[in-house]
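Subject: Structure for you to look at

Hello,

Here is the structure I said I would pass on. My notes follow below it.

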2 protein chains.
Amino acid sequence: MSKIKIGIVGLGLMGGSLSLALQKQSEAYYFIGMDHNALHCSQALELGLVDEITDSLVLLKTCDIIILSIPVDSIIAMIKSFDSLPQTCTLIDLGSTKEKISLSVPAHIRENFVAAHPMTGTEKFGPTAALEDLYMDKVVVLCDLEKSGTHQQEVAKKLFTDIGMQLVCMGSKEHDRHAAFISHMPHAVSFSLANSVITQEGSKSIVALAGGGFKDMSRIAKSSPNMWEDIFRQNKTNVLEALAAFEVELDRCREMVQNEEWERLNAWMQKANSLHDILS
Amino acid sequence: MSKIKIGIVGLGLMGGSLSLALQKQSEAYYFIGMDHNALHCSQALELGLVDEITDSLVLLKTCDIIILSIPVDSIIAMIKSFDSLPQTCTLIDLGSTKEKISLSVPAHIRENFVAAHPMTGTEKFGPTAALEDLYMDKVVVLCDLEKSGTHQQEVAKKLFTDIGMQLVCMGSKEHDRHAAFISHMPHAVSFSLANSVITQEGSKSIVALAGGGFKDMSRIAKSSPNMWEDIFRQNKTNVLEALAAFEVELDRCREMVQNEEWERLNAWMQKANSLHDILS
């Protein structure tokens with residue numbers, strides 16, 4: 001039986017981890033990698049993330065499945081460069097914002113395309129950051145799935161289910177608003193937290209005292225600036241709305257402390273505690 | 001050899017974990033517990049956190065070491081209730097703010113007293129939250145140590161070193177400012193983050209998408225409102241200053257997104273990345 005050919009464009013944390021997860025589950029795959037970063041290409045080969053490297057779009061288009069695990073702006077540019085794709089080819093992007101990507105897909109390859117956002121990651125990046133279990137037991141959001149071909153829907157669902165993910169389907173517009181609240185705004189908050197401490201006199205001695213709380217809250221402030229610049233650009237409106245909602249609560253907190261409204265502050269914190277009930 | 005008697009006032013996460021850590025390290029201790037919560041008392045006995053429960057201050061004062069692992073306001077009230085202590089008794093508080101506590105210790109027991117802040121914890125509370133390794137490899141800040149008796153300094157240093165902690169000494173004023181930045185303000189941010197999401201329409205479906213980043217950043221929003229009301233009250237001035245520093249950075253972030261200053265935003269995120277270099 002010939003192997004299933006998977007093209008991975010972007011050999012970083014997400015693309016590399018996807019290869020490891022698929023390899024763990026089956027030997028049926030052959031991986032062709034593409035990355036504009038020569039070091040990442042050689043690292044991906046050394047680490048066994050891919051079987052070969054190519055810079056040929058023609059070769060890439062022979063793959064059964066093509067994964068776009070690159071920044072959102074690059075996904076949009078790349079999608080436009082596909083003048084045609086074989087009918088059986090499934091093109092899946094893993095971008096963190098979805099509406100602009102979904103709108104940018106040319107009609108002639110729309111059925112080939114599946115918009116996916118795996119809700120997982122770490123603050124690390126590049127091929128060496130790849131983890132076999134990055135996707136296990138995590139949620140993947142599939143957007144505007146009704147616009148994908150029947151074959152492509154099945155291929156994408158099987159791919160993500162095979163690596164242990166839970167499927168959630170929604171429209172790309174709804175996704176982008178949800179992602180702004182659950183991921184993009186919290187990243188802006190974490191970057192702000194890190195910078196507010198770094199800016200302090202004696203920041204090293206402050207950080208020396210860091211317990212688990214601060215470490216947890218500043219972890220994602222180590223994320224890739226290039227990737228996040230792109231996400232904030234793509235999802236600007238929703239991010240600003242989520243930041244505004246956060247600032248309402250932060251102002252409320254500051255005012256209650258300032259005005260010594262301790263009972264109200266206590267009740268407000270109790271409300272925050274209730275997150276426990278809806279977050280497993 | 002008779003056992004070393006340790007009184008633990010407050011049988012929650014911090015007090016309970018201290019008992020487990022000491023028991024792991026030696027059989028030389030006998031634990032006497034005190035807690036106004038009857039359920040916590042029976043749980044602490046069942047879980048083996050203490051050997052006996054008392055509500056007698058007279059009995060408590062026969063201990064070699066007394067640990068106050070209760071909210072800061074209660075620590076201040078309790079310290080004032082000790083009219084005298086045997087010269088060899090060491091009274092250690094584990095409160096999260098230190099200046100007001102340090103100033104409130106009556107002169108006649110000042111040498112008995114050691115102000116300590118272990119920089120560790122979890123969002124859970126009560127005796128059932130106790131963890132044997134909560135203190136292992138963490139930092140404990142000892143404040144205004146020159147005001148403690150020589151014997152008490154040695155006892156406290158040995159106690160925390162024995163359970164695997166790293167000692168850091170500083171003044172209580174400096175501690176409170178550092179703690180505001182590294183712990184108290186981040187808690188206010190986490191409570192605000194949790195409430196900003198809970199307040200959204202469809203918050204359950206938003207939270208269903210939560211990846212590691214949001215989970216990390218909202219974990220401490222599950223912390224005890226009573227404990228944190230107390231900390232915000234005790235350290236109000238420093239907390240407001242730290243919140244203001246955070247808001248400067250958050251405003252900067254929002255403005256750069258609003259004005260589409262992507263290069264500046266990227267550089268700002270790179271600065272946040274540098275936290276990686278100073279945080280192990």
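Please keep in mind that this is a predicted model. I begin with one residue and then turn to the two chains.

Asp230(A) sits in helix α10 of chain A, which spans residues 225–234. Is Asp230(A) buried or exposed? Asp230(A) is buried, because 23 other C-beta atoms lie within 10 Å and 20 or more are enough to count as buried. Leaving aside residues up to four places away in sequence, Asp230(A) touches Pro71(A), Val72(A) and Asp73(A). Ser74(A) is 156 residues from Asp230(A) in sequence, yet their C-alpha atoms are 9.2 Å apart in space.

Helix α11 (residues 236–258) of chain A meets helix α11 (residues 236–258) of chain B: their axes come within 11 Å and cross at roughly 165 degrees. Angles over 145 degrees count as roughly antiparallel, so α11(A) is roughly antiparallel to α11(B). The crossing of α11(A) and α11(B) is left-handed. Among the residues making this contact are Leu240(A), Leu243(A) and Arg254(A) of α11(A), and Leu240(B), Leu243(B) and Arg254(B) of α11(B). By type, the residues of the contact of α11(A) with α11(B) are eight nonpolar, two polar and four charged.

Regards

Technical notes
Residues are numbered from 1 along each chain as its sequence is written. Chains are lettered from A and ligands numbered from 1 in the order in which they are written. This is a predicted model: local features need pLDDT of at least 70, side-chain atom pairs count only at pLDDT 80 or more; totals for chains, interfaces and linings use all residues. Axes are lines fitted to C-alpha atoms, for helices over the stretch in contact, and angles run from 0 to 180 degrees between N-to-C directions. Helices (H or I, at least four residues) and strands (E, at least two) are DSSP runs, numbered from the N terminus. Angles under 35 degrees count as roughly parallel, over 145 as roughly antiparallel, 65 to 115 as roughly perpendicular and the rest as oblique. A crossing is left-handed if the near helix is turned anticlockwise from the far one by less than a right angle, and right-handed if clockwise. Two residues are in contact if their C-beta atoms, placed from the backbone, lie within 7 Å. Ala, Val, Leu, Ile, Met, Phe, Trp, Tyr, Cys and Pro count as nonpolar, Asp, Glu, Lys and Arg as charged, and the others, Gly among them, as polar. A residue is buried if 20 or more other C-beta atoms lie within 10 Å of its own, exposed if 12 or fewer, and partly exposed in between; C-beta atoms are placed from the backbone.
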